[in-house]
Amino acid sequence: MTSETITADAAGTWKLGDLSVNRLGLGAMRLTGSAAFHHGTPSDRRQAIAVLHRAIELGVNHIDTAAFYFSALRSANELINTALAPYADDLVIATKVGPFRDWTGEWGTSARPEDLRGHVEENLRQLGRDHLDVVYLRRMRQDSIADHFGALAELREAGLIRHLGLSAVRPRHLAEAQTIAPVVSVQNRYALDHPDELLRICGEQGIAYVPFYAVAGDAGEHGATANHDTEVLAIARAHGASPAQIRIAWTLHQGPHLLAIPGTGNPDHLAENVAAGVIPLTDDELARLNSLHTRAG
């Protein structure tokens, strides 16, 4: 098989509540520009829409987005709506609320619990939907998330949200939320060079774990890292793959509950990301990469 024929289901599936998704999905952050938010330059609109069309062709049925994913000229939610509506029945769109950017693109005051309905409704409007499949509460430094998560739980009961998740949290926040409503997924920063104990906890509880910046590494919102360890480069050469593909493959090997959402604004890179789901890392290669990960912790 080539990267043009490998589809997202080759990496396996997992369930977000009652919604089955392929473990290899798409993060929408990079659809809007060469780097996230107000960094970099706005994307070419036709190419961004082409990425979304190609994602569906390659079997991607899990897209992660947010209303605050926008650049000077592009909105991720608007691009998704334009490219993919009316949406396929099996397409799961996850979004997140909590952070806020004003019309200039600058970060504003984080949402209070009573603000979250407005955040949810903004995502609904932009996506052109009557309900949101999965909504993550993105914690913004607050010690307790009970009031914020409780507000989202009420919107779930009202039918605006189907399932709830958490982002940027610690184990105690997950436990706190679970006393209020079910949590189907956790989205935290996790990569070869960035460990997180919630990966194990989610696996033990059957909760999906969705890492962000798994490919970007230390570059974060500015794009994919160029700082690759020699072991990553050597393993990439052995497989005729890119370092980014090795990072994705290693990530998927960390547990069946792990859902990768690498982002890109390039259709060719998208196909490479999907193809990473079938790279057969050997036990020795995994051990070498795991050793890097352990040292990073």
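1. Leaving aside neighbours within four places in sequence, Thr251 is in contact (heavy atoms within 4.5 Å) with Pro211, Ala214 and Leu258. Thr251 belongs to helix H8, residues 243-252, where helices (H or I, at least four residues) and strands (E, at least two) are DSSP runs numbered from the N terminus. The side chain of Thr251 reaches the backbone oxygen of Arg247 at 2.7 Å; a polar contact is a pair of N or O atoms within 3.5 Å, of which, within protein, one must be able to donate a hydrogen and the other to accept it, and residues adjacent in sequence count only if both atoms are side-chain atoms. Thr251 counts as buried because its relative accessibility is 2%, given that buried means under 20% relative accessible area, exposed over 50%, and partly exposed in between (1.4 Å probe, protein chains only).

2. On the basis of the model: this is a predicted model, in which local features need pLDDT of at least 70 and side-chain atom pairs count only at pLDDT 80 or more, while totals for chains, interfaces and linings use all residues. Residues are numbered from 1 along each chain as its sequence is written, and side-chain values use heavy atoms, with hydrogens and water left out.

3. An open sheet is formed by 7 strands in the order E3-E4-E5-E6-E7-E8-E9, with parallel pairing; its edge strands, each pairing on one side only, are E3 (26-27) and E9 (208-209). Two strands pair if DSSP finds at least two bridges between them, and E3 pairs with E4 (residues 62-64) in the parallel sense over 2 bridges. Within this pair, Leu26 stands opposite Ile63 in E4.

4. The peptide bond from Ala85 to Pro86 is cis, with omega near -5°, and Pro86 is found in the loop between helix H2 (76-84) and strand E5 (92-97). Ala168, although not a glycine, has a positive phi of about 60°; Ala168 lies in the loop between strand E7 (161-167) and helix H5 (171-178), and is partly exposed, with a relative accessible area of 21%. Tyr213, also not a glycine, has a positive phi of about 60° and sits in the loop between E9 and helix H7 (230-239), but Tyr213 counts as buried at 18% relative accessibility.

5. Helices H7 and H10 (residues 283-296) pack at an angle of about 155°, with their axes 10 Å apart; the axes are lines fitted to C-alpha atoms, for helices over the stretch in contact, and angles run from 0 to 180 degrees between N-to-C directions. That angle makes H7 roughly antiparallel to H10, a label for angles over 145 degrees. The contact is made by residues including Val232, Ile235 and His239 of H7, and Arg288 and Leu292 of H10.

6. In helix H9 (residues 267-275), the buried residues are Leu270, Ala271, Asn273, Val274 and Ala275, and what covers them includes E3, helix H1 (45-57) and H8. At the start of H9, a side-chain oxygen of Asn266 reaches to within 2.7 Å of the backbone nitrogen of Asp268.

7. Phe100, found in the loop between E5 and helix H3 (116-127), is partly exposed, with a relative accessible area of 36%. Beyond its neighbours within four places in sequence, Phe100 is in contact with Glu106, Trp107, Gly108, Thr109 and His119.

Conventions
Parallel < 35°, antiparallel > 145°, perpendicular 65-115°, else oblique.
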